[in-house]
Amino acid sequence: MNAKEILNAMTLEEKAAFCSGRDFWHTKAIERLGVPSVMMCDGPHGLRKQEGEGDHLGINKSIETVCYPTAAALASSFDRDVMRQLGEALGQECQAENVAMLLGPGLNIKRSPLCGRNFEYFSEDPYLAGEMGSSYVKALQSKGVAACAKHFACNNQETRRMSGSSQVDERTLHEIYLPAFEAVVKNGKTRSLMCAYNAVNGEFCAENKMLLTDTLREKWGFDGFVVTDWGAVKGRAEGIASGLDLEMPGGPNATGEKLIEAVKAGTLSETDLDKAVLNILHFVETALAERDENAVIDRDACRELAGKLAGECAVLLKNEDILPLQKGRKAVFIGEFAANPRYQGAGSSHINVPHPVSALEAAGDAVTYARGYDAHSSKTDEALLAEALNAAKDAEAAVIFAGLPDAFESEGADRDHMRLPDNQNELIAAVSAVNPHTVVVLHGGSPVELPWLDKVPAVLLMYLGGERVGAAAADLLWGKVNPSGHLAETWPIRLEDNPSYLNFPGEDGVVTYAEGIFVGYRYYDKKKMPVNFPFGHGLSYTDFSFSNLTADKEKLTDRETVTVSVDVTNEGTSAGKAVVQLYVRDVKSTVRRPVRELKDFAKAALEPGETRTVTFTLDKRAFAYYEPKVHDFFVESGEFAVEIGLSCRDIRLAKSVHVEGTAEISFTIDANTTIGQLMKHPKGAAFIRQMMGKSNGPSDSEQAEAMGEGSEKIMQQMMFEMPLGSLVSYGRMTSGQLRGLIASLNS
Ligand code: BGC
């Protein structure tokens, strides 16, 4: 029987029961109709398969397996192929473990550095998050395992995560918080989405029709199924009617009874229930069809891969002629994280790793070691500090492994400041004072303040790089691997600089996204604010140059695409990978827009002296903003700069293209519509031109001449600000004439 036939054979009771899980990790079987139960497990950067008692907080044991770099690290690779390799490896492992769906990727935007789950999310930039997420989804699903993009939507903090409401205006929602989900639906073809616990604009995501039906299914064409975050169900029948499908976890407390009651009482239509059942049945049907009974997993090979990917993700933030370290020179590793690396965060994504590799283990005899600080405390331990200083003062390089301790980063809790523990900051300052050749290796899932930044010549950021992060760090320090990661988020100087600072985490469960579209670099760049490291920043042991930026058209409409290509050359003596970033800047706009926005990127591997041509194709979305008046993306005609750079603040080449928008903004005219607004209305503009022609007062230019330089602009502005109603106040027409005029303009 196919899904439709099974649905037709199901009783109301069976349908209601089927819409919640059997237990923590399985869908329900319908034995009578031959429908088996299938398993889903947490990801996203490893497989958290629980065979014993289930929980969604990562507390109970799961199988021993491989922990790959977390999303914060992965995004810094700026490499879709990294995501492909990871997705395929995880897909293979899921097949070997008979897991039909992996709960990831996490696509929420990094609004504040304090969000406790930032390590599970990609970026402050929606395009980058969407691209990395889509590549992962495609690769995972190519192995026959469903992805489940989460947490839909606006789950950008852990404070009140299960009960709060994110208040977001329509433009911001569509321009910043939804596009990554849109990309995994439209391009990644994700088979599932997980709705967030929180509400958006007062409506819980589990029953938010605007999100689950109007946007997801109707606008984006999603044809998979939606699962609740674990325990996110509010009104059960309301959820189903709004477009929610499966409730998780299931078990004895599941709410099937409520659905039966609602259908019988006529408050839920059986057709809506049928839709949910069919969506889940389709998922099970596909999982069975693509099940690979013979799949095996080579975990040793996966561990190698985890280390290789960690090397692709690390970001060399600063390097003043000290890295790579010279072989044979005496280096000391300082800090507990050198021996015990931080490589993942806490919560539902926590992977059970038998043996993570530390940098100390990887470096072997090449280094000596001093513990430096106690990672469970923020107070300086004088004995540890003295030992570290003693070890550092004669070393040819002192490499300090610092970062956020475990207790600082977890699902379920936000940080309350952006600092490292005091003992680590004190250690770095003290060591760099006795040894100018001090390198800081940083671990953590989110930015921290760097009060000692100008005292150390090099900083290597490993993020939470998975179980082989230590081996990768050693390879990068000695130049076996050339750093090629770039920041997927801005590193501000201090927390107070962050645009969400005054509105994070909100009050009484309400968080207002008052900064609007100005999230991350969109804000810092607009304010020309100094930052520690800008979005897109990352150094290499070689240098790259750019030339020959060309576009196949200089003029196009928003129905056409433009192909842009640029040559990138490795100017140095070591092989390396360049992250070529393409930004678009709207040169002149009548609406508020960021200075520039990332619209594409490519990673190019180059031998010394080698040149490669990188090509990008831009469509309407690269030039558009979201216009609430038309509830859609909209291109304002004019000139756009297509920029190529190595960060949002390191633009190397730019090219101008003229894009003609083909849509019109139609709006209703009333007595309060200004002359300026009317100029943007096709009929309104004609009326204004006609009215100006008939004017018998002194002409603008005569008056302007009388007022002196610059006054023409002022006169124009004054006029543009006048509402139509003032034509009556100034005796240019009667109220009756105005009513007639408004009616005819709106007709
Ligand atoms: C988390 C999800 C996770 C689920 C299952 C929830 O608490 O928010 O990300 O997939 O639990 O463990």
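A polar side-chain atom of His151 sits 2.7 Å from an oxygen atom of the ligand. The protein buries 100% of the 310 Å² that the ligand exposes when taken alone. The model is predicted.

**Ligand shell**

- The ligand is surrounded by 15 residues.
- Asp42, Arg117, His151, Asp229 and Glu411 are the closest of these.
- By class, the shell holds seven charged, five nonpolar and three polar residues.

- For Asp42, an N or O atom of the side chain is 2.4 Å from an oxygen atom of the ligand.
- For Asp229, a polar side-chain atom lies 2.7 Å from a ligand oxygen atom.
- His151 also places a polar side-chain atom 2.7 Å from an oxygen atom of the ligand.

- Met679 falls in the loop that links α19 (675-678) to α20 (682-694).
- Its relative accessibility is 33%. Met679 therefore counts as partly exposed, because that class covers values between the buried limit of 20% and the exposed limit of 50%.

**Met679: contacts**

- Leaving out residues up to four places away in sequence, Met679 touches Ala685, Ile688 and Phe720.
- Phe720 is 41 residues from Met679 along the chain. The C-alpha atoms of Met679 and Phe720 are 8.6 Å apart.

Conventions: Residues are numbered from 1 along each chain as its sequence is written. This is a predicted model: local features need pLDDT of at least 70, side-chain atom pairs count only at pLDDT 80 or more; totals for chains, interfaces and linings use all residues. Side-chain values use heavy atoms; hydrogens and water are left out. A residue is near a molecule or strand if one of its heavy atoms lies within 4 Å of it. A polar contact is a pair of N or O atoms within 3.5 Å; within protein, one must be able to donate a hydrogen and the other to accept it, and residues adjacent in sequence count only if both atoms are side-chain atoms. Accessible areas come from the Shrake-Rupley method with a 1.4 Å probe; for residues, only the protein chains shown count as cover. Ala, Val, Leu, Ile, Met, Phe, Trp, Tyr, Cys and Pro count as nonpolar, Asp, Glu, Lys and Arg as charged, and the others, Gly among them, as polar. Helices (H or I, at least four residues) and strands (E, at least two) are DSSP runs, numbered from the N terminus. Buried means under 20% relative accessible area, exposed over 50%, partly exposed in between (1.4 Å probe, protein chains only). Contact means heavy atoms within 4.5 Å.
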